[in-house]
Amino acid sequence: MVMQPANSPEARDIANVLHPYTNLKKHEETGPLVVTRGEGVWVYDNAGKGYIEGLAGLWCASLGFGEERLIEAATRQMRELPYYHAFASKSHVPMIDLAEKIKQMTPVPMSHVFFANSGSEATDTVVKMVWYYNNAVGRPEKKKIISRIKAYHGVTVASASMTGLPANHRDFDLPIRNIIHADCPHHYHFAEPGESEEEFATRLAANLEKLILDEGPDTVAAMIGEPVMGAGGVIVPPATYWDKVQKVLEKYDILFIADEVICGFGRTGNMFGTETFNLRPNMMTIAKALSSAYLPISAVLVDEKVYAAIRDNSDRIGTFGHGYTYSGHPVSAAVALETLKIYEERDIVGHVRRVMPKLQNGLRRYADHPLVGEVRGVGLVAAVELVSDKSTHENFDPALGVGAYCMARAQDHGLLIRALAGDALAFSPPLVISEDEVGMIVDRFGKALDDTAAMVGSL
Ligand SMILES: Cc1ncc(COP(=O)(O)O)c(C=O)c1O
């Protein structure tokens with residue numbers, strides 16, 4: 001970092017902010033990137049340099065950074081009713097409208113919508129609802145929840161336990177009991193030699209069935225999955241994987257939860273990942289693009305079977321004893337509702353379908369690059385994974401920080417992307433991105449890739 005005066009934002013950041021997902025020691029040396037404003041798919045730092053936001057922030061700012069209609073919706077709602085809650089039968093129209101709208105949009109019938117503020121709160125709520133549900137229906141032993149290695153479901157105690165990434169467990173004393181992890185459906189790394197995608201999917205479904213039988217089907221309550229794994233590396237499962245998995249779950253009366261926090265609202269080229277992969281979830285979690293990230297809001301959707309059991313149990317106990325001060329916050333709800341209207345009016349899914357080939361094909365241009373092991377993705381979400389050996393698919397020693405280096409070089413070239421574990425560089429731009437802007441992402445990334453090859457070559 002260039003030396004900054006003690007009263008600079010950079011120096012004050014280092015002195016005061018404990019950053020999420022950051023090497024805090026290194027941060028003291030390198031300092032922050034201070035972002036001051038945004039417009040469309042671009043953000044600008046405090047020196048005035050512009051960057052394409054290749055990850056829409058954290059896979060979330062779907063309408064980009066200057067959508068006036070969302071600003072107006074928030075302002076209007078702030079003037080009218082800046083806060084109200086939903087406990088003890090209180091309500092307000094923005095929350096009611098939003099719940100109704102979400103239900104109209106989901107591809108499988110959902111009965112009721114519970115609001116929270118983040119993806120983690122939504123998936124944490126799912127865990128509690130699943131436990132509550134099975135107590136309600138008289139199956140107190142049926143409590144285990146299956147997640148998957150490399151899944152990402154958030155960072156609160158239960159959601160981090162479902163997350164299947166070592167950095168989210170290590171030294172946090174996680175996972176908690178009753179959360180188990182099944183195979184990761186990443187053919188590139190976990191297929192047997194010569195195994196086709198179809199055979200791989202069949203084997204994973206058989207492993208899942210064995211896991212359930214070993215644990216005891218009467219003890220397994222639910223399975224949660226992202227249609228496409230996001231933060232674990234943008235892992236697109238084999239075409240028949242979800243079909244085979246769902247058959248196993250149905251056989252043992254195990255609830256299925258689709259975590260749509262990244263995939264929801266157009267990301268995969270359909271309104272929901274549930275459509276892209278033909279899923280039949282009993283519950284869904286949504287967040288991020290629900291409000292284009294302009295304000296925090298998330299939701300858990302439950303089908304009629306789950307809702308009816310929860311409702312009746314709340315009557316037995318006297319209350320459904322769960323909820324947040326800000327559940328269904330009226331300003332967040334108003335912004336989310338406006339976001340969903342914009343998606344429909346501007347046919348956001350149609351737009352994604354038009355521009356997605358440019359991203360997917362553009363990045364695949366680098367498949368032959370000496371550092372690139374796999375280019376993968378669907379819709380407007382993708383990853384380029386860097387490997388030390390293209391024939392064995394072996395990753396670099398994590399201590400070398402090859403992915404982080406590539407991310408930093410991309411930043412130098414005016415492109416913000418994210419290096420995930422295993423040196424996978426992730427792309428998830430605002431859904432409103434133009435074809436030309438996608439082209440800029442691809443070109444700028446190419447420069448970062450060449451810089452990284454030069455660095456690796458000099459090791
Ligand atoms: C699929 C999925 N679920 C849950 C979460 C957690 O969301 P949050 O960071 O809002 O708590 C994320 C965040 O990236 C996610 O990708």
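Reply: The residues that line the largest cavity fall into six nonpolar, two charged and no polar, where Ala, Val, Leu, Ile, Met, Phe, Trp, Tyr, Cys and Pro count as nonpolar, Asp, Glu, Lys and Arg as charged, and the others, including Gly, as polar. This is a predicted model, in which local features need pLDDT of at least 70 and side-chain atom pairs count only at pLDDT 80 or more, while totals for chains, interfaces and linings use all residues. Residues are numbered from 1 along each chain as its sequence is written, and side-chain values use heavy atoms, with hydrogens and water left out.

The lining of the largest cavity is made by Arg148, Ala182, Asp183, Leu204, Leu208, Met223, Tyr241 and Val245. A cavity here is a set of points, on a 1 Å grid over the protein atoms alone, where a 1.4 Å probe fits but cannot get out, and lining residues have an atom within 4 Å of a point. The volume of the largest cavity is about 50 Å³, a volume being the space filled by probe spheres set on grid points that are joined across faces, edges and corners. One cavity of 30 Å³ or more is found when the whole structure is searched. Helix 9 (197-215) and helix 10 (241-251) each give at least two residues to the lining of the largest cavity; helices (H or I, at least four residues) and strands (E, at least two) are DSSP runs, numbered from the N terminus.

Contact means heavy atoms within 4.5 Å, and angles run from 0 to 180 degrees between N-to-C directions, with axes fitted as lines to C-alpha atoms, for helices over the stretch in contact.

The sheet itself is open and has seven strands in the order 4-10-9-8-7-5-6, with mixed pairing; two strands pair if DSSP finds at least two bridges between them. Strand 4 (112-116) and strand 6 are the edge strands, and each has a single partner strand, so one side of each has no neighbour in the sheet. Ignoring direction, neighbouring strands of this sheet are turned by 20° against each other on average. Within the sheet, strand 7 (residues 220-225) pairs with strand 8 (residues 255-259) in the parallel sense over four bridges, and the bridge partner of Ala222 in strand 8 is Leu255. Helix 6 (residues 119-136) lies across strand 4, strand 5 (144-148), strand 7, strand 8, strand 9 (283-286) and strand 10 (298-302), and it runs at about 25° to strand 10.

The loop between helix 7 (157-162) and strand 6 (179-182) holds Pro175, which a cis peptide bond with an omega of about 5° joins to Leu174. Asp171 has its place in the loop between helix 7 and strand 6 too, and, although Asp171 is not a glycine, it has a positive phi of about 65°.

A pocket is an open set of grid points with protein on both sides within 12 Å along at least five of seven lines. The second largest pocket holds about 850 Å³ of space and is lined by 26 residues, of which Ala86, Val113, Phe114, Phe320 and His322 lie nearest its centre. Its lining has 15 nonpolar, nine polar and two charged residues.

Helix 5 (residues 93-105), in turn, packs against helix 13 (residues 330-345), the two axes coming within 8 Å and crossing at roughly 35°. That crossing is left-handed, meaning that the near helix is turned anticlockwise from the far one by less than a right angle. On the side of helix 5, Pro94, Met95, Asp97, Leu98, Lys101, Ile102 and Met105 take part, and they meet Pro330, Ala333, Ala334, Ala336, Leu337, Leu340 and Glu344 in helix 13. By class, this contact has 11 nonpolar, no polar and three charged residues.
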